[in-house]
Amino acid sequence: MTMRTRPLGTTGPQVSALGLGCMGMSALYGDADRTESIATIHAALDAGVTLLDTGDFYGMGHNELLIGEALRTAPAELREKAQVSVKFGALRGPDGEWSGYDGRPAAVKNFAAYSLQRLGVDHIDVYRIARLDPEVPIEETVGAIAELIEKGHVRHVGLSEVGAETIRRAAATAPVTDLQIEYSLISRGIEKDILPTTRELGISITAYGVLSRGLISGHFTRDRQLGAHDFRAYSPRFQGDNLRHNLDLVDALRKIAERKGVSVAQIAIAWVLSRGEDVVPLVGARTRERLTESLGALDVTLDAADLTAIEEAVPPGAAAGDRYPAPQMAHLGTE
């Protein structure tokens with residue numbers, strides 16, 4: 001396995017071809033082992049992964065503290081190469097409930113101050129509001145990030161889950177490096193309007209959900225029981241007939257993977273890698289075993305026949321169910 005790099009937009013740095021999404025180490029997918037999580041971050045850095053993604057609301061700050069510990073205990077040469085992307089703005093209560101988003105300039109700076117402290121770093125490489133605050137123009141939110149850049153606290157402006165119009169407005173306010181948004185074989189909504197817009201403006205995509213929260217990883221079974229604190233227990237794609245239909249798609253994908261001598265996860269990640277040099281998949285590995293499998297996608301070459309077979313097995317729009325429960329879908333830039 002050779003770790004390649006890709007440009008993070010026309011205004012951003014070179015980053016590893018795969019990034020590590022750390023959310024699952026703190027929240028939403030059930031319990032995680034702290035020691036294994038830190039070991040997985042260290043293993044990712046050692047393998048050449050440079051992009052670590054988090055949110056200040058993942059585990060109410062737990063995830064940033066975890067990354068901070070991992071960076072502090074990593075070899076200096078690896079720590080210095082790490083680039084951290086942080087989402088902010090999601091509001092939560094003591095019981096974990098969600099209560100909206102805050103993109104006011106004063107709040108942006110407040111969130112950043114706490115993130116810098118928890119991460120133990122002197123700057124955040126890419127900073128982005130997790131979802132658009134409907135009460136605050138994106139120009140004001142992005143303008144506050146630009147002020148943080150001027151003071152050296154942030155390096156680059158990012159966006160998350162917004163549509164083409166918002167991307168254009170943000171980019172007219174300050175240079176935008178990257179849009180983080182869900183993109184996978186079964187979540188292709190960005191291809192119509194959003195991806196053409198980011199390419200026109202020189203903005204890269206960091207694609208999260210490339211395995212659709214494990215649904216198309218090849219490891220999710222029809223009889224799997226999800227815990228009460230697992231987000232997927234409430235996700236439409238993991239319910240009843242939707243789940244059965246979606247796992248049928250995985251079975252079709254598995255046949256292609258077996259012919260290639262690779263895993264389902266590897267072929268799904270390789271498909272996202274094939275979308276272009278401006279697309280950087282985030283893999284949500286919580287263990288070194290899953291990380292190793294994901295990194296193996298870098299050695300998978302998909303030729304034209306492979307891509308045709310994959311498209312036939314999992315055509316656009318084939319998934320059953322929305323990406324999120326209905327209340328959360330209202331905050332997204334694309335279906």
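**Loops, helix packing and the buried core of the model**

At 48% relative accessibility, Met 60 counts as partly exposed, a class that lies between buried (under 20% relative accessible area) and exposed (over 50%), computed with a 1.4 Å probe on protein chains only. The model is a predicted one, in which local features need pLDDT of at least 70 and side-chain atom pairs count only at pLDDT 80 or more, while totals for chains, interfaces and linings use all residues. Residues are numbered from 1 along each chain as its sequence is written, and side-chain values use heavy atoms, with hydrogens and water left out.

Met 60 is found in the loop between strand E4 (51-55) and helix H2 (62-72); helices (H or I, at least four residues) and strands (E, at least two) are DSSP runs numbered from the N terminus. The phi of Met 60 is near 50°, a positive value in a residue other than glycine. Most residues other than glycine have a negative phi. Glu 161 also has a positive phi, of about 50°, although it is not a glycine. Glu 161 sits in the loop between strand E9 (154-160) and H6, and at 1% relative accessibility it counts as buried.

Two helix pairs can be described next. H2 and helix H4 (residues 105-119) pack with their axes 7 Å apart and at an angle of about 40°; here axes are lines fitted to C-alpha atoms, for helices over the stretch in contact, and angles run from 0 to 180 degrees between N-to-C directions. That makes H2 oblique to H4, given that angles under 35 degrees count as roughly parallel, over 145 as roughly antiparallel, 65 to 115 as roughly perpendicular and the rest as oblique. On the H2 side the contact (heavy atoms within 4.5 Å) is made by Glu 64, Leu 65, Ile 67 and Gly 68, and on the H4 side by Ser 115, Arg 118 and Leu 119. These residues divide into three nonpolar, two polar and two charged, where Ala, Val, Leu, Ile, Met, Phe, Trp, Tyr, Cys and Pro count as nonpolar, Asp, Glu, Lys and Arg as charged, and the others, Gly among them, as polar.

In the second pair, helix H6 (residues 164-173) and helix H7 (residues 194-201) have axes 9 Å apart and an angle of about 20°. H6 and H7 are therefore roughly parallel to each other. Ala 164, Ile 167, Arg 168 and Ala 171 of H6 meet Ile 194, Thr 197, Thr 198, Glu 200 and Leu 201 of H7. This set divides into five nonpolar, two polar and two charged residues.

Turning to the interior, ten of the ten residues of helix H9 (residues 264-273) are buried, so H9 is largely enclosed by the rest of the structure. Among the elements that cover the buried residues of H9 are strand E1 (5-7), strand E11 (204-208), helix H8 (240-260) and helix H11 (304-313). The largest nonpolar core has 94 residues, and those with the most contacts inside it are Leu 20, Ile 41, Tyr 127, Leu 159 and Leu 179. Such a core is a set of buried Ala, Val, Leu, Ile, Met, Phe, Trp, Tyr and Cys residues joined through side-chain atoms within 4.5 Å. H9 gives the most to this core, with nine residues. A second, separate core of seven residues includes Val 15, Leu 51, Val 126 and Leu 282. Beyond residues up to four places away in sequence, Leu 20 touches a set that includes Ile 41, Leu 51, Leu 282 and Leu 291. In soluble globular proteins, nonpolar side chains tend to be buried together.

Ile 205 belongs to strand E11 and counts as buried at 0% relative accessibility. Leaving aside neighbours within four places in sequence, Ile 205 is in contact with Asp 178, Leu 179, Ile 181, Leu 195, Thr 198, Asp 278, Val 279 and Val 280. Ser 184, in the loop between strand E10 (176-182) and H7, likewise counts as buried, at 0% relative accessibility. With residues up to four places away in sequence not counted, Ser 184 touches Gly 209, Val 210, Ile 216, Trp 271 and Val 272. Ser 37 has its place in helix H1 (residues 34-46) and counts as buried at 1% relative accessibility. Under that sequence limit of four places, Ser 37 touches Met 25, Ala 32, Leu 66 and Arg 286.
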